[in-house]
Amino acid sequence: LKLQFLYLIDFGQLLALMTKAVWRQVAGTGIFVPFIATTWLVSGLISNMAQLLARVVMLPFPRSWFVVVNSCIFSQWASQTVWLVDWWGGTRFRFFAKDGFDPHQQKENAIVCGNHYGEVDWMMGYMSAHRMGQLSGCKSYIKDSAKYLPVLGWSFWLTDYIFLARNWAEDKKTFDKAFDNLRSYPASVPWFIACFCEGTRQTPAKIAESQKWCEENGKPKLKHVLWPRTKGFAASCVSLEGKLDAVWSISMAATDEAAKPSFLNMLLAQEPVIQLCYKRWDAKDIPKDEEGLKEFCCQMYIEKDADLEECFTKGQFPGKEFDHPPKVTPAIFFALWSLLIQGSAAYLAYTSPTWRIALGAVYGLLTLGLGGAIAFGTQKKGGKKKKSE
C-alpha cells in the first residue's frame, strides 16, 4: 500500500508537470494576450476615473484622506502588473540579502536605487514593493512626457509620481512640490520611491560612453552600470530628512540569456528567470549634506557593479539567499476584473449584433496588432540568438 501510494504521488507530479508544459505551449501562442490587454486597459481606465473622481470629491477634506483612498485604487490596479510577473509569466526569482537586510521588516518611507536593467525593471520594482507590503505608496522619478500616456501615465500623474524635464531649474520646482506632497502622507501609506540614478537604460554604447567619461574624470570604470547622476538623489534625501527612514539598493540580473526576462516573455508565460540583491541603509547612517550624499550614491553604484560582476562570474549575487513567495491578492484582483470585463463583453456580444461587431473588431485589431508585435519580438530575439551563436 505504501509503495502504491508513492507511485500515486509520482504519477500526480508527472501529470502536473505535463499539464504545466502543455499550458506553457498554449499560452506561448499569444492566444490569451488580447484578453489580458483588454482587462488591463479597461480596468485601468475605470481606475483612472475613480482616482479623478476621488480627487474632485475630496478637495474640501484633508489631503491625507485622498491619499489613503487613492492608494487603495492604485494598488489594486497596479497589482495586475504583479500578477503578470508572478502568476501568469511564472517568473522564477532568486533573492539575496546583504548586511542583514530583512525582507519582512515593517513598512517604511524609503528611496530605492536600482540598476536600469532592461524593459522590466519597473515591473520588478512593483513586485518588490508588493511582496514587502508597499505597493500602495510606490512612486518613481519619470520623464515628464510619460504623464500623457493613456491609462499608465494618467495613473502615475494621479498618484504623485515625480515627473522630470531633465532641466534642473524646472526640476527643482517639481521636487519641492512633490516632496511637500510626500510629507503630507499619513503613516498608513509609506512611500517607496524608485530612483534609477543612471538616468537611462543601459546599452553597450552607453556603457562605453560612461566608461570614457569615468576615465577622463578620474573615476573608476564601471562594467555593468552607468556612472550615476547624483544630484536628484542627494536633493531627495536632503528635502525628505525627518521623513525618510531608509535608502535601499536593489540590483537586478539575469545570468541565463535564454530565460532573460522581458515583457514579451511574461505575456507569453515563458517563465523568465531573474536574480535580485537587496541592501538597506538606515537614514541615520547616511550623510546629511548634499556633497556627502553624492559620494554615498557613487559608492553605492560602485558596490552594485561589483555585486553584478560576482553574479555574472559566479552565477549568483553575494549575500544570504532567502525565500519570498508571491502573494495571492494580485491573482484575485485580476480574476475579478476579468470576470467583470470579459463577462460584460460576452453578454453584450450575445444580446446585441452591433456590440458583437464592435467587440469583434476591437478584439480582432488587438489580436492582429499584438500578434504582429509578438512575431516581431520573437523574430528579433531569434535573430539575436543566431548572431551570438
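Helix 3 passes helix 11 in a left-handed crossing, and that is where I shall begin with this predicted model. Helix 3 covers residues 63-88, and helix 11 covers residues 329-351. The two pack at an angle of about 110°, with their axes 8 Å apart. That angle makes helix 3 roughly perpendicular to helix 11.

Which residues of the two helices meet? From helix 3 the contributors are Q76, S79, Q80, V82, W83 and W87. Helix 11 answers with P330, A331, F333, F334 and W337. Sorted by class, the residues of this contact comprise 8 nonpolar, 3 polar and no charged.

Let me stay on helix 11 for one further residue, S338. Is S338 buried or exposed? S338 is buried, because its relative accessible area is 17% and the cut-off for buried is under 20%. Leaving aside residues up to four places away in sequence, S338 touches T39 and G343.

T39 takes us to helix 2, where it is one of the residues that meet helix 3. Helix 2, residues 33-57, packs against helix 3 at an angle of about 170°, and their axes are 9 Å apart. Helix 2 is therefore roughly antiparallel to helix 3.

I turn now to the nonpolar cores. The largest has 51 residues, and those with the most contacts inside it are F93, M124, Y126, W248, M252, L276 and Y278. Helix 3 gives the most to this core, with 8 residues. Apart from it lies another core, of 42 residues, among them F96, F175, L222 and F296. As background, nonpolar side chains tend to be buried together in soluble globular proteins.

Helix 8, residues 231-239, and helix 10, residues 290-314, pack at an angle of about 125°, with their axes 8 Å apart. The two helices are therefore oblique to each other, and their crossing is right-handed.

Next, some individual loop residues. Y185 sits in the loop between helix 6 (168-183) and strand 5 (192-195). At 7% relative accessibility, Y185 counts as buried. What does Y185 touch, residues up to four places away in sequence not being counted? Its partners are R63, V67, K139, T159, D160, W191 and K243. The C-alpha atoms of Y185 and V67 are separated by 6.7 Å, although these residues are 118 residues apart along the chain.

D160, one of those partners of Y185, is found in the loop between helix 5 (152-158) and strand 4 (162-164). D160 counts as buried at 12% relative accessibility. What is the phi of D160? The value is near 65°, which is positive in a residue other than glycine. For context, most residues other than glycine have a negative phi.

E271 also has a positive phi, of about 55°, although it is not a glycine. E271 lies in the loop between helix 9 (263-267) and strand 7 (273-282). With a relative accessible area of 17%, E271 is buried.

Finally, the chain as a whole. How many helices and strands does the chain have? The chain has 12 helices and 8 strands. Of its 389 residues, 47% count as buried. Among contacts between residues at least 6 apart in sequence, 79% join residues at least 24 apart.

Note on methods: Residues are numbered from 1 along each chain as its sequence is written. This is a predicted model: local features need pLDDT of at least 70, side-chain atom pairs count only at pLDDT 80 or more; totals for chains, interfaces and linings use all residues. Side-chain values use heavy atoms; hydrogens and water are left out. A nonpolar core is a set of buried Ala, Val, Leu, Ile, Met, Phe, Trp, Tyr and Cys residues joined through side-chain atoms within 4.5 Å. Buried means under 20% relative accessible area, exposed over 50%, partly exposed in between (1.4 Å probe, protein chains only). Helices (H or I, at least four residues) and strands (E, at least two) are DSSP runs, numbered from the N terminus. Axes are lines fitted to C-alpha atoms, for helices over the stretch in contact, and angles run from 0 to 180 degrees between N-to-C directions. Angles under 35 degrees count as roughly parallel, over 145 as roughly antiparallel, 65 to 115 as roughly perpendicular and the rest as oblique. A crossing is left-handed if the near helix is turned anticlockwise from the far one by less than a right angle, and right-handed if clockwise. Contact means heavy atoms within 4.5 Å. Ala, Val, Leu, Ile, Met, Phe, Trp, Tyr, Cys and Pro count as nonpolar, Asp, Glu, Lys and Arg as charged, and the others, Gly among them, as polar.
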